Amino acid sequence: MRVAVILAAVLCAVSVIGAASEVLRVSALTRSGRLLVSFELEGAFTGELRDTIQSGLQTTFTYDVALRQEAAFWPDNTVGTVTLEASVRFDSLTEQYAVVRTLDGRVEDTVILENEPSVRQYLTRFERLPLFSTTALRPNRAYRVRVSVATRPRSGWFVWPWEQAAASGFARFTFLP
């Protein structure tokens with residue numbers, strides 16, 4: 001029994017250490033009736049991920065973005081949610097990367113890239129995306145934008161029975177029209 005408890009503690013510690021290497025920075029800005037969300041995932045391109053991409057296996061980063069109105073004593077009120085996906089597939093014959101970005105299942109952008117730094121930036125950096133309208137926001141209220149990311153195929157040797165985000169981050173702001 002004691003060995004099982006120690007083993008479980010070690011597995012939890014290893015998964016926490018593995019997740020801590022990725023940092024997700026989030027910022028939010030309101031302009032012209034839209035909430036512009038920017039985020040960047042740092043530390044995601046490990047040797048294992050590079051090898052997976054170079055093998056030709058499609059690799060996908062799924063970003064779940066939630067806008068919530070903060071509440072003091074109740075759970076936060078969800079104003080809106082969006083799912084962004086950035087996928088890459090390497091073609092070893094042409095030595096090019098086909099990269100696709102989708103927003104809630106709709107293809108938003110498709111590009112062919114030829115070098116890894118461009119692919120890394122395209123998959124992990126999003127600048128001023130107009131994801132939400134400010135018409136649903138109430139003036140002088142506190143809001144939070146939370147972004148969590150998961151990758152497919154999963155990296156790591158231990159598979160949890162439930163989906164676990166590789167990293168998450170948030171930005172708080174007060175809506176001032």
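**Close-up views of a predicted model**

View 1. The lining of the largest cavity is made up of Phe45, Arg50, Ile53, Gln54, Tyr97, Glu116 and Val119, which divide into four nonpolar, one polar and two charged residues. Helix H2 (47-54) and helix H3 each supply at least two residues of this lining, and the largest share, three residues, comes from H2.

**View 2. Helix H3 and the strands around its buried residues.** Within helix H3 (residues 116-124), the buried positions are Val119, Tyr122, Leu123 and Thr124; Val119 also belongs to the lining of the largest cavity. The buried residues of H3 pack against strands E2 (34-42), E3 (59-69), E4 (77-91), E5 (96-103), E6 (106-113) and E7 (125-133).

View 3. Phe39 is found in strand E2 and counts as buried because its relative accessibility is 2%, where the cut-off for buried is under 20%. Leaving aside neighbours within four places in sequence, Phe39 is in contact with Leu24, Arg25, Val26, Tyr63, Val65, Leu84, Thr124, Arg125, Phe126, Leu129 and Val147. One of these contacts, Val147, is 108 residues from Phe39 in sequence, yet the C-alpha atoms of the two residues are 8.0 Å apart in space. Thr124, another residue in contact with Phe39, is itself one of the buried residues of helix H3.

View 4. Strand E1 (residues 23-31) pairs with E2 in the antiparallel sense over nine bridges, and Leu29 stands opposite Leu36 of E2. The two strands form a hairpin with two residues between them, and Ser32 in the turn has a positive phi of about 50°. E2 also pairs with E7, again in the antiparallel sense, over six bridges, and here the bridge partner of Leu35 is Phe132 in E7.

**View 5. The two faces of strand E9 and its pairing with E8.** In a regular strand the side chains alternate between the two faces of the sheet. Strand E9 (residues 167-174) has a covered face made up of Ala167, Gly169, Ala171 and Phe173, and an uncovered face made up of Ser168, Phe170, Arg172 and Thr174. Strand E8 (residues 142-152) and E9 run antiparallel and are joined by eight bridges. Phe173, listed on the covered face of E9, is the bridge partner of Tyr143.

Definitions and conventions:
Residues are numbered from 1 along each chain as its sequence is written. This is a predicted model: local features need pLDDT of at least 70, side-chain atom pairs count only at pLDDT 80 or more; totals for chains, interfaces and linings use all residues. Side-chain values use heavy atoms; hydrogens and water are left out. Buried means under 20% relative accessible area, exposed over 50%, partly exposed in between (1.4 Å probe, protein chains only). Helices (H or I, at least four residues) and strands (E, at least two) are DSSP runs, numbered from the N terminus. Two strands pair if DSSP finds at least two bridges between them. Contact means heavy atoms within 4.5 Å. On a 1 Å grid over the protein atoms alone, a cavity is a set of points where a 1.4 Å probe fits but cannot get out, and a pocket is an open set with protein on both sides within 12 Å along at least five of seven lines; lining residues have an atom within 4 Å of a point. Ala, Val, Leu, Ile, Met, Phe, Trp, Tyr, Cys and Pro count as nonpolar, Asp, Glu, Lys and Arg as charged, and the others, Gly among them, as polar.
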